[in-house]
Amino acid sequence: MNWTEVGQQFSKARYESVPVYILFLSLFFALKSIRWAWLLKPVKSLAPSNVVGPLMVGFMGNNILPAHLGEIFRVFLLSRQEKIAAGAVLSSVAIERVLDVIAVLLLVGIGMLAVQNLPTSISTGFFYIGLVALAMVVVLALAVIFIQPAVSLACWMIHRLPVNSTWKGHLEQLIRAAAEGASVLRDGKLLAMLLTNSVLQWSINCAMIAVSLWSFGIQVPFSATLILLGVLVFAVTIPSSPGFFGAIQVAFVETLKIFGVPASTAFAASIYYHLIQYVLVTAVGFWFLGRSGFSLSRLQDGAEHIEEQELELS
């Protein structure tokens with residue numbers, strides 16, 4: 001990497017795009033809050049304003065801690081604030097991940113139709129990710145169709161585990177709460193709204209990528225941003241440093257190289273795309289954490305308790 005060239009890219013970047021980027025970032029998280037409130041409807045009717053705090057605290061946790069620990073933070077915080085069983089909240093977060101994968105793969109598919117001669121590694125990678133996503137959808141569909149027999153079977157197995165009755169009770173509650181949360185998928189109209197929301201979310205994220213590229217004079221077809229979105233999303237799912245530093249930069253450089261973009265320019269655009277949201281999301285997350293009355297250490301303790309329950313269940 002030529003750091004002199006990277007510095008030159010920043011010296012001539014068009015920073016008037018920052019307000020537009022922040023607007024798209026705000027819309028992205030607003031849609032996330034709306035979707036999470038919808039997912040929790042079978043358990044408790046909540047407004048997006050009730051869930052936005054735990055959501056932002058969770059993303060702040062992902063920014064400063066490894067292993068996506070922020071996902072557990074938001075489960076713990078929302079379950080305590082709204083008196084909802086942790087299993088139901090966990091179920092909603094798991095369904096979120098499936099919806100995200102479906103939406104991103106749909107957008108990537110559109111991009112791949114418009115781009116010729118993609119490297120085999122990318123097209124093959126998305127093919128296998130698509131197969132995994134299809135398997136996830138099938139499993140979810142079967143779980144919803146046969147939810148009561150599945151819960152009965154799980155409870156029967158729990159009562160035969162070599163653990164004390166207290167743990168058996170906790171695990172059974174977790175299973176029943178998760179099943180209650182998953183029942184949101186039985187509502188066809190709501191499911192269609194959830195899918196539409198997810199596609200809109202990630203389309204807005206594509207717009208954030210496009211703004212970042214425009215700011216550094218990178219001219220590529222919009223289909224390139226769709227493919228870059230897919231590489232970005234799946235790159236940050238791999239365990240990496242807190243805040244995904246490195247993973248996002250590699251995704252930008254390697255993907256845009258296909259479209260003839262110099263590494264230094266792509267790297268500079270990745271810093272713009274990454275750093276604005278990192279700073280804002282982390283700051284807003286800490287602000288909501290301060291309002292919640294919880295400390296970071298207490299969130300970590302709560303997250304460890306939830307993870308212990310998950311491990312016992314597995």
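In the predicted model, residues F29, K32, S33, I34, W36 and A37 of helix α2 are in contact with P48, V51, V52, P54, L55, M56 and F59 of helix α3. Classified by residue type, this contact comprises eleven nonpolar residues, one polar residue and one charged residue. Two packed helices are described by the angle between their axes and the distance between the axes. For α2 and α3 (residues 48-64), the angle is about 115 degrees and the axes are 8 Å apart. The crossing of these two helices is right-handed. W36, one of the α2 residues in this contact, also has the charged end of R74 over its ring, 4.5 Å from the ring centre.

The chain as a whole contains 13 helices and zero strands. Its order along the sequence is accordingly written as α-α-α-α-α-α-α-α-α-α-α-α-α. The chain has 314 residues, of which 49% count as buried. Among the contacts in the chain with a separation of 6 or more, 75% are made by residues 24 or more positions apart.

Aromatic side chains were examined next. A search of the whole structure returns 13 aromatic pairs. One of these joins Y21 and Y272 in an edge-to-face arrangement, with 5.7 Å from centre to centre and 85 degrees between the planes. Because Y21 belongs to helix α2 (residues 18-39) and Y272 to helix α12 (residues 263-292), this pair ties together parts of the chain that are 251 residues apart in sequence. Y21 and Y272 are both buried. An edge-to-face pair is also formed by W287 and F288, with a centre-to-centre distance of 5.0 Å and an angle of 70 degrees between the planes. F288 has a relative accessibility of 16%, and therefore counts as buried.

Y21 and Y272 also take part in a cluster of linked ring pairs, in which they are joined by F10, F216, F252 and Y273. Q277 has a relative accessible area of 17% and so is classed as buried. Elsewhere, R14 is placed over the face of W214, at 3.9 Å from the ring centre.

Helix α11 (residues 247-257) is mostly covered, with eight of its eleven residues buried.

Two loop residues other than glycine have positive phi values. For F244, phi is about 65 degrees. F244 is located in the loop between α10 and α11, and its relative accessible area of 15% means that it is buried. For K83, phi is near 55 degrees. K83 is located in the loop between α4 (69-81) and α5 (86-114). In contrast to the buried F244, K83 is exposed because its relative accessibility is 71%.

Within helix α5 lies S91, a residue that is buried at a relative accessible area of 10%. The C-alpha atom of S91 is separated by 9.1 Å from that of L40, although the two residues are 51 residues apart along the chain.

How values were computed. Residues are numbered from 1 along each chain as its sequence is written. This is a predicted model: local features need pLDDT of at least 70, side-chain atom pairs count only at pLDDT 80 or more; totals for chains, interfaces and linings use all residues. Side-chain values use heavy atoms; hydrogens and water are left out. Rings of Phe, Tyr and Trp (its six-membered ring) pair if their centres lie within 6.5 Å; planes under 30 degrees apart count as stacked, over 60 as edge-to-face and the rest as tilted. Helices (H or I, at least four residues) and strands (E, at least two) are DSSP runs, numbered from the N terminus. Buried means under 20% relative accessible area, exposed over 50%, partly exposed in between (1.4 Å probe, protein chains only). A charge sits over a ring if NZ of Lys or CZ of Arg is within 6 Å of the ring centre and within 35 degrees of the ring normal. Axes are lines fitted to C-alpha atoms, for helices over the stretch in contact, and angles run from 0 to 180 degrees between N-to-C directions. A crossing is left-handed if the near helix is turned anticlockwise from the far one by less than a right angle, and right-handed if clockwise. Contact means heavy atoms within 4.5 Å. Ala, Val, Leu, Ile, Met, Phe, Trp, Tyr, Cys and Pro count as nonpolar, Asp, Glu, Lys and Arg as charged, and the others, Gly among them, as polar.
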